Amino acid sequence: DGLMLTAQAKIEIKSPEALKVASRSQVYRLLALGFRLPTEESLQFIRNGGFSQELQEAAQGLPYSFSIPGSLGQGLALDAKGLETIYMNQFEVGGEYGPPCSLYEGSYGRVRTRLMAELLSFYHLFGLRLVQEKGRELPDHLVLELEFMHYLTFKEARLQEEGKERKAYLEGERDFLKWHLVDFTSAIAKRMGVHSSAYGLLWYR
């Protein structure tokens, strides 16, 4: 949302190195889904175990250990409306100081205008443009940043499979993680721990 980020094309990947990159791309895609406002469709995917299964499969293809705790929402008893209420109370609705755990990077000490310009420069550099539609998230939302990494790794996997130069995407991933996602996700994890996230408990029970 907000940017046309998700890589929709499908490619056949056979080389072991490209498969490792494709697994990373899948992990980013699924993590983005996990932090998106829940819908009936996404809840069904989560509840029936599809989300957990796909993430487990993607994790097995990574060249390093990736621990996945809990059931990841499998068998969740809440309906979409109930889960949406918990999501909103956790990530969107707040008092004077905002929600308990904001999913916007600008909520964690960065100068918002400078941050937005930096993120848009990243997105534009790789051919992505802001989608101006009501209800779309801003460029610093966690879902968009995860989808951006999904996009970069998807492109890298394709180039790796085709034996083409992929340096620009590798450098883009490295820099985006270093300057944005590593500190951002660490701050979110800390905030969720402090506030005993009800949303997190549902996912990782």
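The model is predicted, with local features needing pLDDT of at least 70 and side-chain atom pairs counting only at pLDDT 80 or more, while totals for chains, interfaces and linings use all residues. Residues are numbered from 1 along each chain as its sequence is written, and side-chain values use heavy atoms, leaving out hydrogens and water.

**Nonpolar cores**

- A nonpolar core is a set of buried Ala, Val, Leu, Ile, Met, Phe, Trp, Tyr and Cys residues joined through side-chain atoms within 4.5 Å.
- Buried means under 20% relative accessible area, exposed over 50% and partly exposed in between, with a 1.4 Å probe and protein chains only.
- The largest nonpolar core has 28 residues, of which Tyr123, Leu142, Phe148 and Phe176 touch the most other members.
- Two or more residues of this core come from each of α1 (16–34), α4 (80–92), α5 (112–125), α6 (142–162) and α7 (167–194); helices are DSSP runs (H or I, at least four residues), numbered from the N terminus.
- Helix α6 gives the largest share of this core, nine residues.
- Another core, of 10 residues, lies apart from it and includes Ile46, Leu55, Ala59 and Leu62.

**Helices α6 and α7**

- In α6, Leu142, Phe148 and Leu152 are among the residues that meet α7, where the partners include Phe176, Leu177 and Phe184; contact means heavy atoms within 4.5 Å.
- By class, this contact of α6 with α7 has 13 nonpolar, four polar and four charged residues; Ala, Val, Leu, Ile, Met, Phe, Trp, Tyr, Cys and Pro count as nonpolar, Asp, Glu, Lys and Arg as charged, and the others, Gly among them, as polar.

**Asp175**

- Asp175 is found in helix α7.
- Asp175 counts as buried because its relative accessibility is 17%.
- Not counting residues up to four places away in sequence, Asp175 touches Phe122 and His180.
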